[in-house]
Amino acid sequence: MKLTKCVIRQFGSLRNKSFDFGDGITLISGKNESGKSTLHTAITALLFGMEKGKGRAAASGVYRANLPWSEPDLYGGFVTWTRGEVKVTADRDFSRTPPQSRLIVEEPARVRQISPEEVPFPDGLSPYVFTNTLSFRQIGAATGDGLAADLQNHVMNLRSSGDERLNVRAAADSLKARRKALERRIDTAAEAEDASLDLTLRDLERRTLSEGGDYDRLKAEADARDARIRELTAERERTDRDLRQKEALLTNMGTTSREAIEDDLRRTGVLCEQMEIYERDYTGGRIGSGVLNVLSLVTVLVLLFSIFFLNRIIQSGTGLWPLIPLFAAALLAATFFVRLTRQADANAADEKNRQILTGMLSRYLPDYEAQGTLKEAGEMKVYLEKVVQLFDYLAEKRRVFEQDTEELVSLSASREAMNEALNEQLVRKVRREQWELELREAMARKEALKPVLKENERLRNEIAAIARAGAVLTVLAEDASANFGAPLTREASAIFSEITGGAYDGLEVSDSLELFALSAGRKIAPGALSAGAMEQLYFSFRLAVVRCLWPHEEMPLFFDDSFAMYDSERLDACLRWLHENYRGQVFLFTCQDREKKTLDRLGIPYDSFEL
Amino acid sequence: MRFIHTADLHLGMLPDKDKPWGPARADAVRTSLLRLTEICAREDVDLLLIAGDLFHAPPTERELKDADYLFSTLPRTKVVLIAGNHDFVRPGSAYARFAFCPQVTFLSSPELSSVFFPQWDLEVHGFSYDAQVLTDDRLDTFRAPEDGRRHILLAHGGDADHLPLHPARIAANGWDYAALGHLHRPALAQDGRVAIPGSPEALDRSETGAHGFYLGTMKKNEFSLEWRTFSDFRYTEVTVNMTPEMTASGLESLIRRRADDLAREVLNVRLVGRRDPAFVPDREALLRIGGVAEVTDETLPDYPLEEYLARPAGDLLGRFVRSFTEDGKADDPSARKSLYYGLDALLCTAGGGKEAIR
């Protein structure tokens, strides 16, 4: 890139100035406030255009600083440069709002007007880069961390993108800020709560599994026991009542002794038996007693008669057959006699039996007017059998009563222990149900946290994506730095060694673009160098940067009082180096005549403008 | 024999509870069993099959009593149910102890068990979850007994954490019908012999479309299955294809119009297409539009990637884009995300400005 012409209509203190630039060194000299720096600024503004700015920025900006005092309508000018066979003219009118530009490209085949975006600058050249690389104002003052960072950035951006507006550091910072913002949105409290809920759930599950499972069984048992107690109590009451009634009945009967009753029953049985026999055998059941008596009397009469006539009969010679009736009658008489005797005995016995029966009946049934009949004896027997059965019944009832009492006592005795166990189980059941509720709540809470956790996961994915983007950017930046770093160091070392006349072996550039001079194997920090040597160090580095950034194109260099700190030896070395090694244009802005004299002394050709 | 096959009622769940329609959704879920039992009574259904997750969480005794009461009102319908991964049966829990009314068979064991209905010569086999996660492949391996009876498999599962299954394998194992649950969208396989009814009510914003149950008829040599819609509520996905010219107001107005058009439905808005890199849709603002449940932004900033890729080999943007598009990374959503984050950062924050550079 070669600047061929610069015409300034009005720009700061400069008015109607025209410069035609040649190859090699151009010396632009003038006293302080003569407009050297203004020309430098004007060339930059004409090359790249200038924004008017607003507000405070405008007040302190380049536009305002260079607004002409007189004829502000002419604020502007044009600059022409060539790149190979292409000639570009940028005519800028800064008086207009916004500033207007007329950009003409003259190619071998055609001439055309282009838009600001189409200006064919060398790759990566922009006002920013121009100011920071090609333009050497206060070299030392512009170095340090800021330069290192800027250079690193520019190196990366210019080498790779050709657009200084791509700011890798700013992009990395922006990604970092975006990541931080997303990280702040991650609800870590929800995650902690979720983890805590996991522990709670496990704990509650363990507890609920081991707690209070016997309550229902125990409760069923206790209910059955209580029902049994109620049933037994009612049964006992019924039995008790029954026993009392029956016992009262027995008492009313006059005896409560089963033996006596059984004795009476036995006796009644005998009585019944005897009275039945009597009834059957002695009360004319088959033959009436009257008939029997008559028959007995007749028989006795027959017998007496027979005895009376016994002798005659025997003598009558009729044989003994007439004795047969006699014998029969005698037999009958004997029978009747026995019969009558037994009847008397039976009657007596029967009478006695009746008395006994009557006595028993009156004893058992005082209100009953007993006749002492067989029927009554039978009824008495049935009655007594029932009484015996009653005794049996009472005995069984008493046994049941006692058994029930025993069971009741046993159940009542176990009731307390059982109720205690039940109560304990109830407490445990309530506790377990409480835990089950807590478990449910914990599960519900965990469920409720799911969207939050999902959002956290999404955020983390976003953060990972941002981190990945940042990492790739960093790798690309490091790649560019690494690719750029070695040639840069080589180039800068060669320049530094040469312009210091071999006083230094070269220089070293750290990863952070810190510079060190190398001498006899020692690394010397810039602060330990003399002011001149330090300037040479940065001069070498900046030149190397320019060469590395545009290895195939010679760019114009602008030195604005850059050699003020140099002693004559160093100035000689620098100017000689520029003359011999740098094929692009070199613009020296100076207020001193040291550069002019040096160039003259060294026989270096140059163009000169006096402001 | 007429049967209803349902699953995943998730009683107790409160979908979208932070949304204006949340209370209505909660009511719909709460009353779903009641309405289902009414349908059983109305349709003379003989058998109600519930393939798990009747409840949203292991139920309390009160919830069980409530459900049991509804079952007890069924005049003629037998009920067979199992527990799923949400309402899994913990030993000693109320679910494990509860005694349902006689017409209900709860196959509560984690092992396969069955209930036989002689009147239909039908045996229903099933098992319940005893944990929230079961990952084995048992559903593919259970075989129906070869005893001349008809056999139904009642099961819950279908994803990697909940008994993964293959319908073809299940059908090949001799089941007359596999009544499955777990997935909330209906699905049929193997000529309707393997069916997932989905949840009768939409429970999640992602569950778009109709929700219902299957009504089946099983006779000696006849089997038919009919889908019945249960809920008139539905989530609907609306896709908005964005263009670089679209603005925030334009987008909001478009979504409002769609929400008005679909007043009875709740929208899941999906933003796709290319947008102006400087315009990032405000999800929160869009969610405030009535009837919008979810906004998924799948848009991509309208960066000229091809142009960047065509730049010289050393070009930063070209290299950056290449880093995320070569070696098949172009299809990797994560790589795409990183690419656009990086481009946003590089282009939109260049020089500290906010202007997007194309």
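Is the crossing of H9(A) and H12(A) left-handed or right-handed? It is left-handed, meaning that the near helix is turned anticlockwise from the far one by less than a right angle.

Some background before the details. This is a predicted model, in which local features need pLDDT of at least 70 and side-chain atom pairs count only at pLDDT 80 or more, while totals for chains, interfaces and linings use all residues. Residues are numbered from 1 along each chain as its sequence is written, and chains are lettered from A and ligands numbered from 1 in the order in which they are written.

Chain A has 16 helices and 14 strands; these are DSSP runs, H or I of at least four residues for helices and E of at least two for strands, numbered from the N terminus.

Back to the helix pair. H9(A) covers residues 258–282 and H12(A) residues 323–364; their axes come within 10 Å and cross at roughly 140 degrees. Axes are lines fitted to C-alpha atoms, for helices over the stretch in contact, and angles run from 0 to 180 degrees between N-to-C directions. Residues making the contact include Leu271(A) and Tyr278(A) of H9(A), and Ala346(A) and Ile356(A) of H12(A). Contact here means C-beta atoms, placed from the backbone, within 7 Å.

Next, a sheet. Three strands form an open sheet in the order E9-E10-E11 of chain A, with antiparallel pairing; strands pair if DSSP finds at least two bridges between them. Strands E9 (506–509) and E11 (522–524) of chain A are at the edges with a single partner strand each, so one side of each has no neighbour in the sheet. The twist averages 35 degrees from one strand to the next.

Definitions and conventions. Two residues are in contact if their C-beta atoms, placed from the backbone, lie within 7 Å.
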